[in-house]
Structure formats: structure tokens, C-alpha cells
Amino acid sequence: MSAFKLQTGSKLRCKGWRQEALLRLSENVLAVGEAPERLVVYAALGKAARDWPSYRAMVDALLNLEEDQTLIVQSGKPIGVLKTHSAAPMVIMANCNMIGQWATAENFYALEKKNLICWGGLTAGDWQYIGSQGVIQGTYEIFSRIAERNFDNDLRGRFILTAGLGGMGGAQPLAGRMANAAILTVEVNEESMQKRLKNGFLERRVDTLDEAMALINGAVAKREPISVGLLGNAADVYPEILARGIVPDIVTDQTAAHDLVYGYVPSGYTLEQWRAKRETDIPGLMQDARNAIVVHVRAMLGFLDKGAVVFDNGNLIRTHAKQGGVERAFEMPIFTEAFLRPLFARAIGPFRWIALSNDPDDIRKIDDLLLERFPSNRIVSNWVRLARQYVPFEGLPARIAWLGHGERTELALEVNRMVRDGELSAPIAFTRDHLDAGAMAHPNIMTENMRDGSDAIADWPLLNAMINCSSCADLVAIHSGGGGYSGYMTSAGVTIVADGSVAAEQRLDLSLTNDTTSGVLRYADAGYDDSLDEVSRRSIGRIDTNDARYKVPIAFEMP
Ligand code: NAD
């Protein structure tokens, strides 16, 4: 494998900044990814490209792409460059979309083995991943909502139990610490643990539950924050904690439980045995993983029964437990519905920007701008101050902040001006998580228990992608689930580059405004009062088919 060095600074290799930005982002997801040699970015099997020939061909295409051309990518493989026009997206992608009745984990693994498909995760395949920092504010906001609701707005002296220190799960110890809690994360893979210790997301590592509990109990007694990683299997450790009569205040899990083959290590397996079994007996491995998840979730329900705040953090662990016979699995709520839906209803969600220069000062200047522009936005100003203090940059310097409709456009247009006036050292790329108001249908995560029962309708993210294409975004992607997520979700991703030009100003204005508009419309259609309020306060052009004017049928007569 040839090593690559991230291109930074203001020197271009491509024919324009839009292409160069997308190329740098594709390099960045690998630089901060979990297993770049296999093109795996995060979530067990979320890949940046189908295989190395596909990746190299995409690089080649981006290097040669003209302003009026569009690169087409199908499940991580470039399939062609078409003549379009200079306002069209530079890249469009469709990753891992299978026909409904065929969209099962088994079919995905078979197609994946034939190298016909590749799962892009949410932000891996469309080159938007920024490392564990990408999910950290979401995790922090969840802990903060629980603090407000259950613990007098204070997690000092509180014990959080969780598992998984991978690409996304690795954000948990730092988020817990930032919320002032004592957080224990169980992780089965020594390498994942070391990575989080090295990048500053985790403070302490121990090998036994006794050592772990001594550190946690000590911190709880002193009401001091601490993050501890315990090397072990969650399916063994959770029941052991329960058996000892210890009840954490908050319990969740972020192992890659969505994937029974590549993601969740069943108890009793070494990592070598686990990887070997994958090559010889996929059905047997899936069964063992499901059995371990059953034990793991039964322990989580045990904590729930004893009064802990327990929730699913978006890894489909309840779904697999239910399939394994745990009838009560869905008594644990999903984090989106339990804690974040009022934000999504106003299209407030995880918005990100990345300094293509690699200069951290560019991000600091945008932090200052945020604090100055949105002083009354308590969530954002609190977050930016904390992030500055605690969150280390990974790869290209980046920031995430939960901004909503109108705010994202306002920030991006001002940043575009700063690029134009030379206040920032190079262009900035704007993107957002797929887990955003208008961008995801996932009946067991994002859209569980929607007010109108529209949980499984995938029209919304598909419309979102089309809206972003017609709003001239630079990259637009439609993703669906791979591995255990197969058949469970559809989502859309978007990236727009602020290169300081007038054309960028138009692209940012249209895409960012229409992207969040689609989120407000989605929740307004489902009947959320916050969204309806947003529609009227911001004069969003919503059509309400319940309006009395539309109730009268039209009789057509032949002329
Ligand atoms: P990852 O594959 O990078 O890491 C998963 C980690 O879990 C690995 O380090 C693995 O060793 C560990 N693990 C697996 N089985 C274990 C077990 N039995 N006990 C202890 N540790 C075990 O995945 P990731 O990117 O960290 O994502 C984790 C999960 O969170 C995935 O299911 C992902 O889809 C989901 N996710 C949720 C959100 C959200 O917004 N809530 C966002 C992104 C990802």
C-alpha cells in the first residue's frame, strides 16, 4: 500500500477548489478512519470507496474534473464523468441502496463478497467523516438533556456505563467527562482503546472490573469527572455489574451491534477467532453475536428495572435483541425520540465545517464568529466554549455545532465572505450528518414513533437529496443501510464548499436554506408544533393540504 500525505495549504492539484475540496475530504476520512488499509472509516464496515482501484480512479477523476462535469459514484465505485454545467454538483453518489424485499443483511454480505456493493455508513462513503469529534456534541447534548430531566441539571457524582470505543463510540468518554460525569466504557479491542487514549478522548485504561469500579466510585464520591476504559466484552461485563448490585445512573451502548458479522464481538471469542469465523461460517457467527446481544440487552433492562436511565444510542442493539427473543427490548427508548426530537423538529442538527487549509486558526476564527453572531443560542455558545477547551482536532481541523434553519446559511455566507477577503487561509467545506431533520428515514433510530406514524417512509431523504441537487450543492449522496442496517434506513448527505466566490455564495444560500427547509417541512407534515411554529415564524413556503380551500373535489369535463 502506498502512503499518502494529506494535501494542505492553498496549493491546488485539481482544476478548481470545489474538486480539490472533495479530494481533500476523501483523503481526510481515510486519515482519521479506523482501518484505512481496508478503506474502512467507521461503524465496522463503513467505507470510503469500494476497493483501492475504485478509490484511485475517483482520485484520478477528481484531479481531471472540469467545472462543468459531474462524477457519478455507485456504491463506492466511480462509473463515469458526465458533461453537466457549472452550477451542477461536482459529485453525485448512490451507495448501498437495495430493492426493499432484497434488502437483508444476508443479501448485503453476499453482494459485498462479490464486490458489487459497498456500505458508505452515513459519512464515510461521501467523505464527510471528521473523526470521533463528529458525534461528540450529539453525545454531549444527550447527556445534558438527561441531566436536565433527571438530575437537576448536574451530572457531577453520577456514573455512566457504556461500551464501544470505535470511530463514533470513542466520543463517549470525552462527552461524559465534559458533562462532568464519571464514565466507564467497556471495549473488547485493545487497539480501539489505545487509539482513544492517544487522541485524548479517554483518560484511564484498566483490565479488571474491580479496578474500574475503584476509579469510578472514587470519582463519584468526590463528584469529580473521570473517563475510564475497561478492556472486556460488554456481554460479560454488564451482567457482572448488575450481579454485583451496582446500578449506574445512565446506561447505554455504542458497540457496532448493528453488524452481527463485522461489528459485534460475541462473548467467548478472541478477536482472531472472531475474524476467522467470519470467513468460514457467517450464519453461525450471526447467531453467536445475536445470543451475546440478548445477554447484553437483558442486563441493560435489569438496570432499567432498578431505576437507571437506559437508552439505545443508534446501533440497532434493541432490534437484534428482539429478534433474539427479548420481548422487552424496545422498553429502552431510542435517543432521538427521547432527547433530540424537539431540536430536529426545528431542523437544528449536527452541522460541520472543515478547514481545507489544515490551519486550526481558520476554525478558531469561525468559533469567534459563532460566539459573536449567535450569543443568545445557549446550546451553541456553551458548546463552542467547551469544544475549544476539550476537543482535540483529528485530521483536517473541523468543528461541529448544532445549528438550525437560517443559522447555517447565515454562518456559511459570512465564512464565504471571510474566505473572499483573505481572513481565512483557504476555503471551508460545509456538511452535516445524515442524522439530520430532512435527511434520514430510519424507523428504529431517527424516525421511531413519529407523531403521524410515518416512520418507514423513505420519500423524505430522497426528496432532500433531489432538493440539494437542484440547489447546486457540490456533492449529494443517497445512502442506504449495509450489514445489519440493510433494509432499515435511507439517508442523504450534502457537501458545499465556501471558496469565496459569488457562485459559492449562491450555492451555500440555496443548498443550506433548502436543506433545513426540507427538515422543517418533514416534521411539520408529521404534525410537530415546533415545526409548524418554525414554518410561520420564518415564512417557509409550506403547502397544507388540510386547508379548507383544497377540500372541494374538481370535476373535469372533456373540452
Ligand atoms: P466501530 O466499528 O468503529 O467501533 C465499534 C467498537 O465496538 C469497536 O472498537 C469494537 O471493538 C467494539 N466492540 C464490538 N463488540 C464489542 C463487545 N461485545 N464488547 C465491547 N466492545 C465491543 O463503530 P462506531 O463508528 O464506533 O459506531 C458504533 C455504533 O454506533 C455503530 O452501530 C454505529 O452505526 C452507531 N452510530 C450511532 C450514531 C449516533 O448518532 N448515535 C452515530 C454514528 C454511529
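Helices (H or I, at least four residues) and strands (E, at least two) are DSSP runs, numbered from the N terminus. The legends below concern a predicted model, in which local features need pLDDT of at least 70 and side-chain atom pairs count only at pLDDT 80 or more, while totals for chains, interfaces and linings use all residues. Residues are numbered from 1 along each chain as its sequence is written, and side-chain values use heavy atoms, with hydrogens and water left out.

**View 1. The largest cavity and its lining.**
A cavity is, on a 1 Å grid over the protein atoms alone, a set of points where a 1.4 Å probe fits but cannot get out; lining residues have an atom within 4 Å of a point. Grid points are joined across faces, edges and corners, and a volume is the space filled by probe spheres set on the points. A search of the whole structure finds 1 cavity of 30 Å³ or more, and the volume of the largest cavity is about 40 Å³. Its lining is made of Gln133, Ile136, Trp383, Ala387, Val391, Ala398, Arg399 and Ile400. At least two lining residues come from each of H4, helix H14 (378–390) and strand E13 (398–403). E13 gives the most, with 3 residues. By class, the lining has 6 nonpolar residues, 1 polar and 1 charged (Ala, Val, Leu, Ile, Met, Phe, Trp, Tyr, Cys and Pro count as nonpolar, Asp, Glu, Lys and Arg as charged, and the others, Gly among them, as polar).

**View 2. Surroundings of the ligand.**
A side-chain N or O atom of glutamate 187 is 2.6 Å from an oxygen atom of the ligand. Backbone N or O atoms lie 3.3 Å from a ligand nitrogen atom in valine 188 and 2.9 Å from a ligand nitrogen atom in valine 265.

**View 3. Two residues with positive phi, alanine 44 and asparagine 153.**
Most residues other than glycine have a negative phi. Alanine 44 sits in the loop between strand E1 (40–42) and strand E2 (46–47), with phi near 70°. Asparagine 153, in the loop between H4 and strand E6 (159–163), has a phi of about 60°. Its relative accessible area is 53%, so asparagine 153 is exposed (buried means under 20%, exposed over 50%, partly exposed in between, with a 1.4 Å probe and protein chains only).

**View 4. Isoleucine 117 in a loop.**
The loop runs between helix H3 (105–113) and helix H4 (133–150). Isoleucine 117 is buried, at 7% relative accessible area. Beyond its neighbours within four places in sequence, isoleucine 117 is in contact (heavy atoms within 4.5 Å) with Arg50, Ser75, Cys96, Met98, Phe108, Leu111 and Glu112.

**View 5. Aspartate 249 and its contacts.**
Aspartate 249 belongs to the loop between helix H8 (234–243) and strand E10 (250–251). Its side chain reaches the backbone nitrogen of phenylalanine 159 at 2.8 Å. Leaving out residues up to four places away in sequence, aspartate 249 touches Phe151, Gly157, Arg158, Phe159, Ala308 and Val309.

Definitions and conventions:
1 Å grid on protein atoms, 1.4 Å probe; cavity = no way out; pocket = protein on both sides within 12 Å on 5 of 7 lines; lining within 4 Å. Near = heavy atom within 4 Å. Polar contact = N/O pair within 3.5 Å; in protein donor to acceptor, adjacent residues only side chain to side chain.
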